[in-house]
Amino acid sequence: MIDNRESLNMAGAFVAAGLIGILGFVTWALVFAEVPDANQNALTLLIGILSANVGVVVGFFFGSSVTSKKQTETIDTLAKTANAAGAALTGDPSSIVLKEGQTATATATDTGTVIETKQETP
């Protein structure tokens, strides 16, 4: 199943590729094709508009949005870990008994929570 974010990234990639293709064609037409004098100003204006849009798309995919996406993914991972740890700790607290001088470390994994006890050395 494709995640909603992945489908948005795919759509954005197609839009970006389309804009770059159109910009390349219009630039080629201005440089190599013979454009009537009446259309030169419109073609130059179109190149400026397309260049600005390509800049916006590139800025979106490689600018602060990428950092924001990574931050969101990190927060999602931390939330899943916290939920797993919370679910493991809501069980019967008497099932974990520590003797004097022992410490315990709980680690949430994909398969469950691992609790390790350790005897502190004086």
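## Contacts, core and confidence

Colleague: What does L43 touch, leaving aside residues up to four places away in sequence?

Modeller: L43 touches V26, A29, L30 and V35. Keep in mind that this is a predicted model.

Colleague: How do you know that these count as touches?

Modeller: Contact requires heavy atoms within 4.5 Å. L43 meets that with V26, A29, L30 and V35.

Colleague: Which residues make up the largest nonpolar core?

Modeller: There are 10 residues in all: A16, L19, L23, V26, V35, L43, I47, L50, V54 and V57. The largest share, 5 residues, comes from α2.

Colleague: What makes this set a nonpolar core?

Modeller: A core needs buried residues of the nonpolar kinds, joined through side-chain atoms within 4.5 Å. Buried means under 20% relative accessible area. In α2, the residues L43, I47, L50, V54 and V57 are buried. They belong to the core. As general background, nonpolar side chains tend to be buried together in soluble globular proteins.

Colleague: How much of the protein is buried?

Modeller: Buried residues are 10% of the 122 residues. The protein exposes about 9,600 Å², and carbon and sulfur atoms supply 63% of that.

Colleague: What is the overall layout of helices and strands?

Modeller: The protein has 3 helices and 2 strands. Along the sequence the pattern reads α-α-α-β-β. Among contacts between residues at least 6 apart, 39% join residues at least 24 apart.

Colleague: How do you know that the span of α2 agrees with its number of residues?

Modeller: Take 1.5 Å a residue. The 26 residues of α2 should then span 38 Å. The end C-alpha atoms of α2 are 38 Å apart, so the two values agree.

Colleague: Why is the pair F25 and W28 called stacked?

Modeller: Two tests apply. Ring centres must lie within 6.5 Å, and planes must be under 30 degrees apart. For F25 and W28 the centres are 6.0 Å apart and the planes are at 25°, so the pair is stacked. The structure holds 1 aromatic pair.

Colleague: Where do F25 and W28 lie?

Modeller: Both are in helix α1, 3 residues apart, about one turn of the helix. In general, an α-helix has 3.6 residues a turn, so residues three or four places apart point the same way.

Colleague: Where is I115 found, and how accessible is I115?

Modeller: I115 is in strand β2. Its relative accessible area is 36%, so I115 is partly exposed.

Colleague: What does E120 touch?

Modeller: E120 touches G101 and T103, not counting residues up to four places away in sequence. E120 lies in the segment after β2. The C-alpha atoms of E120 and T103 are separated by 7.0 Å. At a relative accessible area of 45%, E120 is partly exposed.

Colleague: Where is confidence lowest, and where is it highest?

Modeller: It is lowest in strand β2 (residues 113-119), at a mean of 72, and highest in helix α2 (residues 37-62), at 82. The mean pLDDT of the protein is 76, and 78% of its residues reach 70 or more. Where pLDDT is low, the predicted coordinates should not be read in detail.

Conventions:
Residues are numbered from 1 along each chain as its sequence is written. This is a predicted model: local features need pLDDT of at least 70, side-chain atom pairs count only at pLDDT 80 or more; totals for chains, interfaces and linings use all residues. Side-chain values use heavy atoms; hydrogens and water are left out. pLDDT is the predictor's confidence in each residue, from 0 to 100. Helices (H or I, at least four residues) and strands (E, at least two) are DSSP runs, numbered from the N terminus. Buried means under 20% relative accessible area, exposed over 50%, partly exposed in between (1.4 Å probe, protein chains only). Rings of Phe, Tyr and Trp (its six-membered ring) pair if their centres lie within 6.5 Å; planes under 30 degrees apart count as stacked, over 60 as edge-to-face and the rest as tilted. The expected span of a helix is 1.5 Å times one less than its number of residues. Accessible areas come from the Shrake-Rupley method with a 1.4 Å probe; for residues, only the protein chains shown count as cover.
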